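Please report on how the two chains of this model meet. Cover the strand pairing and the annotated domain as well.

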Amino acid sequence: MSKRTSLNAKYPHALPVHPIALPELILHNPISWIWFTICYIKSFPTVSRTVVQFKDGCFAVDSPEEMMTLWNEGFFGKGTMSRSEPTWYDRTQKRLGLGEFKNLTIEEITILRREERKKFKRERAQLEKKQKELKSMGIVDPFIEERLKLKELRDKDITIPLERETFIRPEDDVLVVKGHLINIEQLQLQPCEVMFLEFALQSVTVVTDGVALSSNQLLEVLWPTKSADDSFIVKYVVYHYYRSLGWCVRSAIKFGTDFLLYNRGPPFHHAEFALHVVPNYNDTQKNTATAQDFTMLSGLNRVIAGVRKNLVLVFVDIPTQEEIDKAGSFQDILSLYSISEVLLRRWVPNRNRD
Amino acid sequence: MSQELLIETELEDEVQPWEYLNSANLKRGQKDFEKDDTQIQNSTLQDSLDHMYNALSVPRAHTVKQNVKAYYQDGQWRSELKGNFMQTMGVVRNDWCYLTEEEIIYLVERGTVEPIWVKNGQEVTMDLQSVYAMCATDLVRYQVYSNLKRCGYIVQRYTPRECATVRKPWYLPTMFRAVLRRLDILNWFIFPAFTSSWLKSKFLTYSSIFESIRLQFKPQRQAAPTYPLDITFDVWKPDPRFTKKSPPLPDFQIVIVDVSSTRFPTKNQLDDLFKRVEYQGRSQESLSEAQGGAKEKKRLKDGSNCVLFALVDNGVINYMRLSQGNLSSANVIPTKKARGPTQRTTK
């Protein structure tokens, strides 16, 4: 099974709302037509519902199953004790020698990769030292074979260890109750993610102090000012727009900007685009006053290009405050905004000549 | 040295490899002059130095016959009609080649022409300094001009062309696909998004779900910018067939910006530029329908209607490429329908 098909099998759902599944339609078999029609009429999209707790300004999911649902079906949120996918439970079980042996988590893969890389660098340093010695004697580089070996070492994939090393710390007593590890990790969601799941997909229930919030109450919490250029609403327009195009949108604070766009999701592809949200006002004076700075953008671009992504300036046209106040529903408010993209990258004369 | 083979690094500003000065194939090198005090390295360094001094020690001169004179008269620079530079520079009128300010400074700097000031019928030979004093009215513009020229490009002042608008031809397959989409009868039973009945819609594919929650933005405002930006130069890649009489569409168009006094353009200014920019291959960008694979990736990354900005910070130049993106045309929705048993987590 290729990597792509296995990933597709592992993550079959792009959203927590699934299209209806119909039986196969066999053209020369009328009974299958009837069955198909019945199924079509009777079935509705399935929704993986989750409960999000809102406490102290944070949105979090507690139940391990729901955490995995939100991660697997659209890659929403981030494990509070993991890099992105909530893997703390698996990792800790492995460390304590509990439960079954599971596949490696991304954090573990990264550690293994780093070790391989260190090994490679050690070997390279040794070879360079040898080379230098020979060079001082006037011999230039006879190490063709060694170099090939080194190259192989560089390109080698990690080997997955089949044995696990357990390692128990004194404070682990609190974590294990009757031989079972308790899960203390949560999946934390960004405000944009919660709003999208609630407003667009209707697949979450936001609970605060045991009371469920309605869509409008949630909006009141996230956007109390109702001002047209509030950072929440401007970012939400962008988030909703790219999500509705099918991109997986995640925070890009690690790279100094607003959003990252993944094709399908982090396990499938590296993020290709980094979005920098820029408000665009109708008022020229305000626009000129809030214009971006060339130095800042050049710097941001160097960071983004350094991690092999493409910088996209997403201009969001801001409506006037009167238009916002007049608009009724949240949907009407959203459609007052509009979006356009400008791609920015460095241009080097020496590399564009031919 | 071992890194040279192992890790492909890209270098843009390398030291001139003087030892290859006479050989035809100038190669890009690796920055590897960390001093290791070996005899080999020292002699390589010394060799390079010797080659450089040798190359520089040759007297650089031309014969009287080849000497080109450029005259400054009545606020204009004109040169005699000889020399290779004429192929790409200046405008020929009445047996003289008229040059712009940046062209004359560049030619004098290179020693290609001899500048002469004609005043009251008297001819005075000028030095570089006085040419600067007379012509460098826009130093930032000259810096960008000479940088691009020295990189081998053909550069001329921007001249607006008549924009040839290209209309997208109707493709039968796209029409067919559009009809098919309408015929996708099973997708008709979809309730409006953001209502409670939406979840009762008969979604058969993920694209129908995504499509239904897409926002309908109102048409964008198209106000003309209060301060439109100027395109300064048309730039061509080096081409021996280039004729300045009937130049082809430029390869790039460039806007010069002094970063100490200018901020990033507003969206109106950019839109206005994107509308005006004209270069080779521009009309094909929007026609490309490449879906999937490397071609689509390139199309998404390159965008359309690109314009270059030369950012100048007190003599240091950095180029920035801006273009219109169209990420909405990317094909990122999984096409596979969810078939067979699905997990029922609905409560």
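About 8,900 Å² is buried between chain A and chain B in this predicted model, and carbon and sulfur atoms give 60% of that area. Buried area is the accessible area (1.4 Å probe) that two parts lose on being put together, summed over both. On the chain A side, F294(A), L343(A) and W347(A) lose the most area to chain B, together 10% of what that side buries.

The contact involves 98 residues of chain A and 88 residues of chain B; contact means heavy atoms within 4.5 Å. There are 25 residue pairs in polar contact between the chains, both residues at pLDDT 80 or more. A polar contact is a pair of N or O atoms within 3.5 Å; within protein, one must be able to donate a hydrogen and the other to accept it, and residues adjacent in sequence count only if both atoms are side-chain atoms. Two salt bridges cross the interface. A salt bridge needs a side-chain nitrogen of Lys or Arg within 4 Å of a carboxyl oxygen of Asp or Glu. One of them joins R345(A) and D302(B), at 3.1 Å from N to O.

Strand β15 (residues 338-347) of chain A gives the largest share of the side that touches chain B, ten residues. Strands (E, at least two residues) and helices (H or I, at least four) are DSSP runs, numbered from the N terminus. By class, that side of chain A has 48 nonpolar, 27 polar and 23 charged residues. Ala, Val, Leu, Ile, Met, Phe, Trp, Tyr, Cys and Pro count as nonpolar, Asp, Glu, Lys and Arg as charged, and the others, Gly among them, as polar.

Pairing requires at least two DSSP bridges between two strands.

| β15(A), residues 338-347 | β11(B), residues 316-324 | six | L344(A) and L322(B) |

Within chain A, six strands form an open sheet of mixed pairing, in the order β5-β8-β4-β3-β9-β10. Its edge strands, β5 (78-79) and β10 (211-213), each pair on one side only.

An unreviewed UniProt entry annotates residues 232-317 of chain A as "domain: tRNA intron endonuclease catalytic". UniProt positions follow the numbering used here, feature names are shortened, and annotations may be inferred rather than shown by experiment. The span is 37% helix and 28% strand, and its end C-alpha atoms lie 14 Å apart.

Residues are numbered from 1 along each chain as its sequence is written, and chains are lettered from A and ligands numbered from 1 in written order. In this predicted model, local features need pLDDT of at least 70 and side-chain atom pairs pLDDT 80 or more, while totals for chains, interfaces and linings use all residues; side-chain values use heavy atoms, leaving out hydrogens and water.
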